[in-house]
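Student: Please take a close look at a single part of this model, the surroundings of the ligand, and describe them in one connected account.

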Amino acid sequence: MSSNTKIELDQLTKIFYKRNESVEAIKNISLDIEDGEFVCILGPSGCGKTTLLRILAGLETPSTGDIQIHQSESEKPLQSMVFQERGVIPWMTVEENVAFGLKMRHLPKKEIKERSDYYIKKVGLEKFAKLYPKELSGGMKQRVSIARAFANDPEILLMDEPFAALDEQNKFILQEELLNIWAETKKTVLFITHSIDEAMLLSDRILLMSSQPGQIVKEKKIDLPRPRTMESIRSNEEMAQEFVDIWQHLQKEVQGSRA
Amino acid sequence: MKEQQLNESAIQVEKEEFKKRQRRDKLKQLLTISSPIFILLLWELLSRTALIDPRFFPPPTKILATLYQMGLSGELFTHLQVSLLRIFAGFLLGVIPAICIGLLMGMYSPIRHFFSPLIMALMPIPTLAMLPIILIVFGIGEFSKMVTIAISVFFPVAINTAAGVTNIDNIYVDVAKNYGANAKHFFFKIALPGSLPVMLEGIQMGQAIALLTIVAAEMIGANSGIGYVIWMNYKAFLLPEMYVGLVLISFFGYFFSLVIRGLQSKLLPWK
Ligand SMILES: Nc1ncnc2c1ncn2[C@@H]1O[C@H](COP(=O)(O)OP(=O)(O)OP(=O)(O)O)[C@@H](O)[C@H]1O
Ligand SMILES: [Mg+2]
């Protein structure tokens, strides 16, 4: 364990128990994440990725095991989550949604306005700032969610398939933006995705999970130089091999869980 | 060039469509206005030709004329004022605690579990059946009438408010928690706005119940108000005068509904 470990998970297990029926969502997950590391989690649907993130977000308590998150700056929020879906609050305008975390922290009005405007612009929604979510498309709502997390400027970003509902162009822009923010601010990012390409493009490390109950079965370090492009990843022999490897692993897990 | 023409014809198509929709809306509006007018005309006709007994069903024109006469004397206005004051004060007296208790019930399950059996047990009792008790406790003055209305308004509003809060999607609660909302933020940013649509439905119901209650209460235990006017004229067999009371109640019921409907679209721009 190095000195700048940000997140430590020790033997984390979560079981959902209802009326004599129990679902073991994640099992014995032990993991250290470095300060400033970008980690992607890949795994079959239903393997407990969201559950893991919700535990880190303080929305779920683990059944057994310990988590420790080290806070370095007291005036910054520790973590903010981009929810997998429906995270935009319908009775607030785009602007109010993005400013939500900042308002909760009682920052000066001017700063709230500046910061939320900045990120609304970054996600390309400045024309829609005064509208309510009912008037937005699914992808636009997701961008509101992302802007809200970025604007909150936390030490750790927890992102649950944030770009899954976006078109390729917006996805590309926001991936770039995420990497910029990450490079500038040295946030720790935990990012769930179903896309192997996306994981390779973004992360320092990929964690592969098994099907239910979710365990971390493999870890891959991605030490390609940054900035990376899709072309450079595709043309890299080693990465092509890794891709196939991960693909086969996921294939096996999905089939295993269906058998 | 060609593109522009195509574009213009597309606009033309949509314009036609829009006009058609407008015409259809006009027709619907017409229907809404025409049904009461039709009934009134029919009534007038049947009453004038004595197909229905004009002693019990005086023609609407006669009722209107009576309304005008009663209005001139000024006494009707006093009764109206008395009833409206009772309704407003009683309404507020019921709605405000109902919203507070409803929100608390929705937000905190121990409070919900504590209050809901009480509410379930008290709700089925008609407020009028409690009128004797209310009169004993609060005296025979104005306040007892307001309390009667307050009690009958309380239940639908409290129940709907609590339901409104518990029906808020959990994900918004999670978002608020994750972004550091404290109890006060949670109350004002999530629970209150999130429950508002269902709460307003309850207030709409409460308003209707308030009118029913005030008239009945004034018929039983008052010597002023619209309910009293109806009852006195009935006993004196002055039926056109009695109908004037009924017409006024009907008018105010409709008017209050419209006000609350307007309030709904003002308060819920996000719906
Ligand atoms: N609140 C809950 N109550 C009961 N079971 C739950 C609850 N939340 C999750 N589960 C179960 O835990 C398991 C893991 O769910 P989770 O949402 O973490 O999966 P996931 O990996 O995020 O899937 P996906 O990729 O489809 O989003 C599933 O079997 C799910 O049914
Ligand atoms: Mg998930």
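**The surroundings of ligand 1**

Ser45(A) places a polar side-chain atom 2.6 Å from an oxygen atom of ligand 1, a polar contact being a pair of N or O atoms within 3.5 Å. Ligand 1 also has an oxygen atom 3.0 Å from a polar backbone atom of Gly48(A), and an oxygen atom 3.4 Å from a side-chain N or O atom of His194(A). On its own, ligand 1 has 640 Å² of accessible area, of which the protein covers 67%; such areas come from the Shrake-Rupley method with a 1.4 Å probe.

The model is predicted: local features need pLDDT of at least 70, side-chain atom pairs count only at pLDDT 80 or more, and totals for chains, interfaces and linings use all residues. Residues are numbered from 1 along each chain as its sequence is written, chains are lettered from A and ligands numbered from 1 in the order in which they are written, and side-chain values use heavy atoms, with hydrogens and water left out.

In chain A, strand S1 (5-18), strand S2 (21-34) and helix H1 (49-56) each give two or more residues to the shell, where helices (H or I, at least four residues) and strands (E, at least two) are DSSP runs numbered from the N terminus. H1(A) supplies the largest share, three residues. Around ligand 1 there are 15 residues, of which Ser45(A), Lys49(A), Thr50(A), Thr51(A) and Gln212(A) come nearest; a residue counts as near if one of its heavy atoms lies within 4 Å.

Note on methods: A polar contact is a pair of N or O atoms within 3.5 Å; within protein, one must be able to donate a hydrogen and the other to accept it, and residues adjacent in sequence count only if both atoms are side-chain atoms.
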